[in-house]
Structure formats: C-alpha cells, structure tokens
Amino acid sequence: MKEYEILYDTGEARKLVAQINRMAKEGWQAKSIGALGAPTGIRAVYVLMEREVS
C-alpha cells in the first residue's frame, strides 16, 4: 500500500526543501513537482510525496 502527501510552498523554498529532506529520511520519495502561477511569475510550488506503507 502506498501513502501520499502533498507539500506546497508559497514563498520560502528553503523551508519546502528542508521538509522534503526530512521526509526523504523517513522513506518518502518525490513523485511529482509542479508550479501554480500566472504569466507574471510562479505563485506556488507543490510536490507530491509517496512512500510504501506496510
């Protein structure tokens, strides 16, 4: 069985990267990365995280 979590960031990418690194140590993997925004720039970034659950 797989478990999913969606992470998002609206301005401080360093905090997002720190959270991804913490989750990677717990067995999570980034499956999808995307961004939301307008032609004037990116407003938010999201990452779909996945891990196997027993």
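E50 and K31 form a salt bridge (a side-chain nitrogen of Lys or Arg within 4 Å of a carboxyl oxygen of Asp or Glu), their closest N and O atoms being 3.6 Å apart. This pair links distant parts of the chain, with E50 in strand β3 and K31 in strand β2, 19 residues apart. The model is predicted, so local features are given only at pLDDT of at least 70 and side-chain atom pairs only at pLDDT 80 or more, while totals for chains, interfaces and linings use all residues. Residues are numbered from 1 along each chain as its sequence is written, and side-chain values rest on heavy atoms, without hydrogens and water.

Salt bridges that share partners join K2, K31, E50 and E52 into one network. E50 also meets K2, at 3.7 Å from N to O. Because E50 belongs to strand β3 and K2 to strand β1, this pair ties together parts that are 48 residues apart in sequence. K2 is bridged to E52 as well, with the closest N and O atoms 3.5 Å apart. Here too β3 and β1 are tied together, since E52 lies in β3 and K2 in β1, 50 residues apart in sequence. Buried stands for under 20% relative accessible area, exposed for over 50%, and partly exposed for values in between (1.4 Å probe, protein chains only). The whole structure holds four salt bridges.

The strands involved belong to one open, antiparallel sheet of three strands, ordered β1-β3-β2. Strands are DSSP runs of E with at least two residues, helices runs of H or I with at least four, numbered from the N terminus; two strands pair if DSSP finds at least two bridges between them. β1 (2–9) and β2 are edge strands with a single partner each, so one side of each has no neighbour in the sheet. Eight bridges connect β1 with β3 (residues 41–52) in the antiparallel sense, and E3 stands opposite R51 in β3.

The largest nonpolar core consists of six residues: L7, L16, M23, W28, V47 and M49. Such a core is a set of buried Ala, Val, Leu, Ile, Met, Phe, Trp, Tyr and Cys residues joined through side-chain atoms within 4.5 Å. Helix α1 and β3 each supply at least two residues of this core. In soluble globular proteins, nonpolar side chains tend to be buried together.
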